[in-house]
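Here are my notes on this model, point by point. Please read them with the structure open.

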Amino acid sequence: MATVKENLLRATELAESDSPRLDLEVLLCHLLGKSRAWLYTWPEHSLDESQQTEFDALVARRIAGEPVAHLTGSREFWSLPLKVNRSTLIPRPDTEVLVETVLSLCPQTEASVLDLGTGTGAIALALASEKKHWQITAVDTMPAAVALAEENRKLLGFHNVEILQSDWFSALADQRFDVIVSNPPYIDTQDPHLREGDVRFEPLSALVADEQGLADIRKIAADARGFLSQNGMLAVEHGWEQGKAVRKVFAEHGYTEVETRLDYAGRERITLGRYHNALP
Ligand SMILES: C[S@@+](CC[C@H](N)C(=O)[O-])C[C@H]1O[C@@H](n2cnc3c(N)ncnc32)[C@H](O)[C@@H]1O
């Protein structure tokens, strides 16, 4: 049987991956139930026959393009271990900028927050991990995503997050939120990137929207006005080429203090604004 070190030298087999060595390490850690430090401490450890067969199968699936997160069933977001599956998006590091933005602009100890299209629960659970007294509602339209987010909520033990099935605001009658946050589907249906990398294995329900990817953002910007508290904040993630269009959508719907924040690569990815509604 091959040793840990020999198995980690198989990077050339994962030619299409951007991070072949890391993929092998993560898959081997998952299989052996060990840390990456352990792999480096015990490079001469030999896998037994069934472990080697299982590892070969994982490598073959990775060569076929399956995301590492689907092979391990988990992905870390905001340092929280989240379960993932094919029902929704694998959380991306870029979305942590949305979490950071909300936290930096909302220092208050108590707030009511809505996460639209919660998927794994990533944004809602990250906010809950930082703000024990925020009341957070998280919705998704896909029942399997709702079940996944609820599983993650339970595993992390957060009691200030309620997860509901809802087509955007449909299940939220008469509620007001200080902050509404969303990473909605925003990829154009014709975008060629849909045929590349991890997104091939993620559901279109989490990825694409009509109107050059802007249909869901338009719907959210329009309807959020009826669910925001006075001077409440709406913050959405969008594609790096959509900043100008999203600012226009926000302005057209009467949001003020509209601005766009950059992701870690310096691209326009988060737009936010406040709404002064005419509450009685
Ligand atoms: C881009 S994913 C974001 C998932 C998660 N918030 C994250 O950042 O990793 C968009 C999510 O929106 C959900 N979604 C799509 N249409 C929806 C709708 N009409 N109402 C509620 N959720 C919706 C999808 O099921 C998916 O989970």
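1. Contacts across the chain. This is a predicted model. Among contacts in the protein chain with a separation of 6 or more, 66% join residues 24 or more positions apart.

2. Overall dimensions. The radius of gyration of the protein chain is 21 Å. A compact globule of 280 residues would come out near 19 Å, so the two values agree. Along the principal axes, the C-alpha atoms fill a box of roughly 75 × 40 × 30 Å.

3. Secondary structure and domains. The protein chain holds 11 helices and 11 strands. Its domain assignment gives two entries: domain 1 covers 4-65, and domain 2 covers 87-275. Their C-alpha centres are 34 Å apart.

4. Surface and burial. Of the 280 residues, 51% count as buried. The accessible surface of the protein chain is about 13,400 Å². Carbon and sulfur atoms make up 51% of that surface.

5. Charge. Count the charged side chains and you get 28 positive and 42 negative ones. The centres of the two sets lie 2 Å apart.

6. Helix α7. How much of helix α7 is covered? Mostly: eight of the nine residues in 122-130 are buried. The buried ones are Ala122, Ile123, Ala124, Leu125, Ala126, Leu127, Ala128 and Ser129. In an α-helix, residues three or four places apart point the same way, because there are 3.6 residues a turn. In helix α7 the buried residues include Ala122, Ile123, Ala124 and Leu125, one after another.

7. Threonine 137. This residue sits in strand β4, residues 135-140. Buried or exposed? Threonine 137 has 7% relative accessibility, so it counts as buried; the cut-off is under 20%. Leaving out residues up to four places away in sequence, threonine 137 touches Val113, Leu114, Asp115, Glu162, Leu164, Leu172, Gln175 and Phe177.

8. Aspartate 174. Check the backbone here. Phi is near 60 degrees, a positive value in a residue other than glycine. Where does aspartate 174 lie? It is in the loop between β5 (161-165) and β6 (177-182). Its relative accessible area is 82%, so aspartate 174 is exposed.

9. Glutamate 211. Here too phi is positive, at about 55 degrees, and the residue is not a glycine. Glutamate 211 belongs to the loop between β8 (208-209) and α10 (215-224). With a relative accessible area of 43%, glutamate 211 is partly exposed.

10. Arginine 247. Look for this one in helix α11, residues 243-252. Its relative accessible area is 27%, so arginine 247 is partly exposed. Which residues does arginine 247 touch, not counting those up to four places away in sequence? They are Val258, Thr260, Glu268 and Thr271. Glutamate 25 is another matter. Arginine 247 and glutamate 25 are 222 residues apart in sequence. In space, C-alpha to C-alpha, arginine 247 and glutamate 25 are 41 Å apart.

Definitions and conventions:
Residues are numbered from 1 along each chain as its sequence is written. This is a predicted model: local features need pLDDT of at least 70, side-chain atom pairs count only at pLDDT 80 or more; totals for chains, interfaces and linings use all residues. Side-chain values use heavy atoms; hydrogens and water are left out. Buried means under 20% relative accessible area, exposed over 50%, partly exposed in between (1.4 Å probe, protein chains only). Helices (H or I, at least four residues) and strands (E, at least two) are DSSP runs, numbered from the N terminus. The radius of gyration is taken over C-alpha atoms; the globule rule is 2.2 Å times the number of residues to the power 0.38. Contact means heavy atoms within 4.5 Å. Accessible areas come from the Shrake-Rupley method with a 1.4 Å probe; for residues, only the protein chains shown count as cover. Lys and Arg count as positive and Asp and Glu as negative; His and the chain ends are not counted. The place of a charge is taken as NZ of Lys, CZ of Arg, CG of Asp or CD of Glu. Domain bounds come from an automatic or database domain assignment.
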